[in-house]
Amino acid sequence: MNRDELLSICPSLREALLRNRYDTDTLLDALGPENHAALSRSEPVPVRRASAGCGELGTLIRLFLLTDDCPAAEVAAALAPLTVDDAVSAGLLESDGDVVRAALDLRPMDIGGGNRWVVSDLDGSLRPRETPVDHVIGVGHASLSLLQATPTAPVGSLLDVGTGCGIQALHGASYADTVTATDLNVRAVDLAAVTAALNEERLELLAGSWFDPVEGRTFDQVVANPPFVVSRARVGHTYRDSGLDLDGASELMISGVADYLAPGGTAALLASWIHVEGEDWRARVASWLPAHGIDAWVVQRDVADPALYVGTWMRDGGLDTRDPATATIAEEWLDHLASADVEGIGFGFVYLRRTDAPTDLMAEDLTHGFSDPLGAEALGYFERVAWLREHDVLTARFRVDESTALERVFLPGDEGWTQVVARLHRGNGPAWQHEVDDLVASLVAGMRGGDGLVLGELIELLAAAHGVDAEELAQSAVPLVHALVRHGLVLPA
Ligand SMILES: C[S@@+](CC[C@H](N)C(=O)[O-])C[C@H]1O[C@@H](n2cnc3c(N)ncnc32)[C@H](O)[C@@H]1O
């Protein structure tokens, strides 16, 4: 691959891609939903059949999405004005007699805001190949989950650490004035530059480890999908192994990022953390944060046991543990986790905001399903936490969010239906639920917004009506109201 030559062919390549409408919408129309789905399952035959009737677009589909050997003359027609010779010389294609094949992965993506093209290394899913140590991974599940979970409110400057093919940086360019992206892997920096050029985006791309290339600078937003695989301190593949022991990469990112955030700046990171026998995972993540200056919201999306975790990543690296040679790798990996008393590996999103107050951490499970993107929720969460820090809830008025429902569950009992649980349920965002008793349900029902009573008055009224002590009620109600506000079920009026 030749970076300068690749960059120089981007304008003519872009012209060919635009002319053939090599974009997500046209692909879906041309292939049809079933064949398009077959493509995402890495099943080439239905796609090859459907592409036969798609003219030059079909050639691009077979060339880049199926990694087929394609007649050079057909490719020349589909890529014009780019010549096959120039594409081969730049390292986009490989030539083999009368046929050419893709040497890089080039695919359209809709990451919000219209079609984009992403250039990465070929993943071997349709044409098996070795994965070299500097392999630049394309857009995978983790990349997409971070894309969907990243706040996209307009910001000035954005930093993407470990940019790989440049996907998060490209996304950032749609809402940030300036985007800086770094990667340890020079090949990744080069391919991210090609991704940017093909999309006519300006990115500042810097090679170097972690935050080294941006030492002394601060950003309004930082995003990172770092190489967070929890393993031994060795690098098999740069895209997933940090060379740091266990969850060291996540620790480094979470503990280090505050120094690179401008006041009020936010970070959205993917991370993982080990669950150690006898320890609370929340305490482990808390120990990575500075004592001052950060609001943190950590959501654990899943926990894998060591066997599942190692098996999954072995498969990801194309290793078959039925082969005795690779079985040894799994054996050593599991031994290493066992020697560190690892019971499970948690995975999720870490949102941080730079403040000038003592650090505030909420670390919680979010393993249930929900459909709304988390990015906007994270910004709302930080606003609510900042409000709670500055206000005494007892003197404040609240309103119940319009999506909040009270749900009561009754089961048949000796005397007919018997209520077994009552819950406040948020009908949007992360769909949080809080179990409540009747007193709290009444308290929330009494929250009538700006014209209503302040919380302290509501508590006194309720205590008098139910013959309970107002101070005792306040002691239990205040933390609960804090929790409801953090989770957005109840909001300041
Ligand atoms: C999981 S990939 C993420 C790629 C891309 N950002 C995405 O979301 O698809 C992790 C990236 O981090 C890079 N990386 C590995 N070690 C690094 C380090 N010490 N400093 C910076 N980047 C690193 C890898 O080269 C790889 O591109």
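Residues are numbered from 1 along each chain as its sequence is written, and side-chain values use heavy atoms, with hydrogens and water left out. Because the model is predicted, local features need pLDDT of at least 70 and side-chain atom pairs count only at pLDDT 80 or more, while totals for chains, interfaces and linings use all residues.

**The ligand site**

The ligand is surrounded by 17 residues. The closest are S143, G162, D183, W210 and N225. A residue is near a molecule if one of its heavy atoms lies within 4 Å of it. The shell divides into six nonpolar residues, 10 polar and one charged. Here Ala, Val, Leu, Ile, Met, Phe, Trp, Tyr, Cys and Pro count as nonpolar, Asp, Glu, Lys and Arg as charged, and the others, Gly among them, as polar.

| Residue | Protein atom | Ligand atom | Distance |
|---|---|---|---|
| S143 | side-chain N or O | oxygen | 2.8 Å |
| T163 | backbone N or O | nitrogen | 3.3 Å |
| Q168 | side-chain N or O | oxygen | 2.9 Å |

Taken alone, the ligand exposes 590 Å², and the protein buries 96% of that. These accessible areas come from the Shrake-Rupley method with a 1.4 Å probe.

Helices (H or I, at least four residues) and strands (E, at least two) are DSSP runs, numbered from the N terminus. Two strands pair if DSSP finds at least two bridges between them. Strands of a sheet pair through backbone hydrogen bonds, either parallel or antiparallel.

Eight strands form an open sheet with mixed pairing. Their order is β8-β7-β6-β9-β10-β12-β11-β13. β8 (204-207) and β13 stand at the edges, each with a single partner strand, so one side of each is left without a neighbour in the sheet. On average, neighbouring strands are turned by 20° against each other, direction ignored.

Strand β11 (residues 292-304) pairs with strand β12 (residues 342-358) in the antiparallel sense over 11 bridges. There, Q300 has G348 in β12 as its bridge partner. β11 also runs parallel to strand β13 (residues 360-365), joined by six bridges. D295 is bridged to D360 in β13.

Strand β9 (residues 219-224) and strand β10 (residues 261-276) run parallel and share five bridges. V223 stands opposite A268 in β10. Helix α8 (residues 141-149) packs on this sheet and touches β9, β10 and β12. Contact means heavy atoms within 4.5 Å. The direction of α8 makes about 140° with that of β10. Axes are lines fitted to C-alpha atoms, for helices over the stretch in contact, and angles run from 0 to 180 degrees between N-to-C directions.

**The three-stranded sheet**

Another open sheet has three strands in the order β1-β3-β2, with antiparallel pairing. β1 (70-71) and β2 (93-96) are the edges; each has a single partner strand, so one side of each lacks a neighbour in the sheet. β2 and strand β3 (residues 99-102) pair over four bridges. D96 stands opposite V99 in β3. Helix α5 (residues 55-65) packs on the sheet, touching β1, β2 and β3. Its direction makes about 65° with that of β3.

**Backbone exceptions**

Most residues other than glycine have a negative phi, and most peptide bonds are trans. S42 is not a glycine, yet has a positive phi of about 60°. S42 is in the loop between α3 (33-40) and α4 (44-51). A80 and P81 are joined by a cis peptide bond, with omega about 15°. P81 lies in the loop between α6 (72-79) and α7 (84-90).

Notes:
Polar contact = N/O pair within 3.5 Å; in protein donor to acceptor, adjacent residues only side chain to side chain.
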